[in-house]
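Hi,

Here is the structure I promised to pass on. Have a look at it first, and then read my notes below.

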Amino acid sequence: MIPVCVPLLNGKELEYLQECITTNWISSRGRYVEQFERKFSEYCNCKFGITTTNGTSSIHLALTSIGLKKDDEVIVPAFTMIGSVFPITYCGAKPVLVDSDPETWTINVNQIEEKISEKTKAIMPVHIYGHPCDMDPILKIARNNDLYVIEDAAEAHGAEYKGKKTGGIGDIGCFSFYANKIITCGEGGMMVTNDEEIAKHALSLKDLSFESGKGRVYLHSEVGYNYRLTNLQAAVGLAQFERINELIEMRRKNALLYKELLKGSRGLSFPVEKEWAKNVYWMFSILVENQFQLNRDELMDELAKKGIETRPFFIPMHKQPVFRNMNLFRGEKYPVAEALSEKGLYLPSSSGLKKGDITYVCESLLPFG
Ligand SMILES: Cc1ncc(COP(=O)(O)O)c(C=O)c1O
């Protein structure tokens, strides 16, 4: 079986982990947490990096550190992974959806303004599948309406918008380091920011709102969370970070090879890279159009028979039973998000894929195209 995505852990992961064990630094204090936060945030051109337990908690931390509260609204694309949206509901706030751009599959910047109300507090662009959102119009809308921009860069480590790294463009950037991400620490997350006040607040919130700078004084003036990443996880994260550029180049090279080998097929669409973008191709995604001989699900079945693992695209937020049960998004339609969700799948996308694996996947696909 060619798996859809596995990590590549052949740098200094084991050496750093061993050091954690032999020195006893296994909790959330330790030099790897510090170094991972410092180096990754510098990479994103941010002054502060705050690790968390996963990408979802990094988004929740970002939202709580800007003071998001009950009945506030956050604008978010309908087409995303649910980890972008659940944290909005944890705050008692309301996600407000926007459809996607049919070319980049990211939030449609022309449809954001009409969704702004007096309750809107933030816009959350999601750099989906490794392609950045068109950030300039988003930043302009945010500035004109006094809104925060919280980038969900869970899938877009090292992706660039006009030469700037995603995550470091808005007020806060949030990352996931789950095992299928470009760099991983098993489970983990980080929020990055240049705003000192936000960073201070986030540092306290993620650590049960212990009052910072006072040592362990058991006084807490607001509800906090335990979102602390361990030194063990950060050790893996740092070792992965040391190879981030190499891992990104592998992903990009794989994507180019897929595109090259599949270019003669009829009825498949591929991820784009806009002239202002560096796409890191977190997952090599394709759309199975009507001219293709099989529909998306049939193609996934055929590939599975040949030992090739794939995944369907996310199901849009307005189609999620959990939100319907909360009386959200009833009657709303997002045609681009719906079409993406029906037609999209991702092919094996591990950084360490061999050329022969990609050739085999393409040869298995081409007879139907
Ligand atoms: C766009 C997006 N946002 C948020 C998340 C949540 O990250 P995690 O699974 O680390 O909680 C993911 C996870 O894959 C994601 O793809």
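**Notes on the model**

Let's begin with Ser209, which is partly exposed because 16 other C-beta atoms lie within 10 Å. The cut-offs behind that word: a residue is buried if 20 or more other C-beta atoms lie within 10 Å of its own, exposed if 12 or fewer, and partly exposed in between, with C-beta atoms placed from the backbone.

Two things to know before going on. This is a predicted model, so local features need pLDDT of at least 70 and side-chain atom pairs count only at pLDDT 80 or more, while totals for chains, interfaces and linings use all residues. Residues are numbered from 1 along each chain as its sequence is written.

Back to Ser209: you'll find it in the loop between helix H6 (196-205) and helix H7 (231-241). Helices here are DSSP runs of H or I with at least four residues, strands are runs of E with at least two, and both are numbered from the N terminus. The phi of Ser209 is near 55°, a positive value in a residue other than glycine. For background, most residues other than glycine have a negative phi.

His220 lies in that loop between H6 and H7 too. Is His220 buried or exposed? It is exposed, with 12 other C-beta atoms within 10 Å. Leaving out residues up to four places away in sequence, His220 touches Leu208, Ser209 and Phe210; touching, or being in contact, means that the C-beta atoms of two residues, placed from the backbone, lie within 7 Å. From His220 to Leu205 it is 15 residues in sequence and 9.9 Å in space, C-alpha to C-alpha.

Asn327 has a positive phi as well, about 65°, although it is not a glycine. It is found in the loop between helix H10 (321-325) and helix H11 (335-343). Asn327 counts as exposed because it has 7 other C-beta atoms within 10 Å.

Now for Glu73, which has its place in strand S2 (residues 73-77). Why does Glu73 count as buried? Because it has 20 C-beta neighbours inside 10 Å. Not counting residues up to four places away in sequence, it touches Ala93, Lys94, Val96, Ser117, Lys119, Thr120 and Lys121. Glu309 is 236 residues away from Glu73 along the chain, and their C-alpha atoms are separated by 38 Å.

There's a helix pair to look at, too. The axes of helix H8 (residues 244-262) and helix H12 (residues 355-365) come within 10 Å and cross at roughly 35°. (Axes are lines fitted to C-alpha atoms, for helices over the stretch in contact, and angles run from 0 to 180 degrees between N-to-C directions.) H8 brings Asn254, Leu257, Tyr258, Leu261 and Leu262 to the contact, and H12 brings Lys355, Ile358, Thr359, Cys362 and Leu365.

Zooming out, the protein has 12 helices and 14 strands. Its C-alpha atoms fill a box of roughly 65 × 55 × 40 Å, taken along the principal axes. Buried residues make up 51% of the 369 residues. Among contacts with a separation of 6 or more, 68% are between residues 24 or more positions apart.
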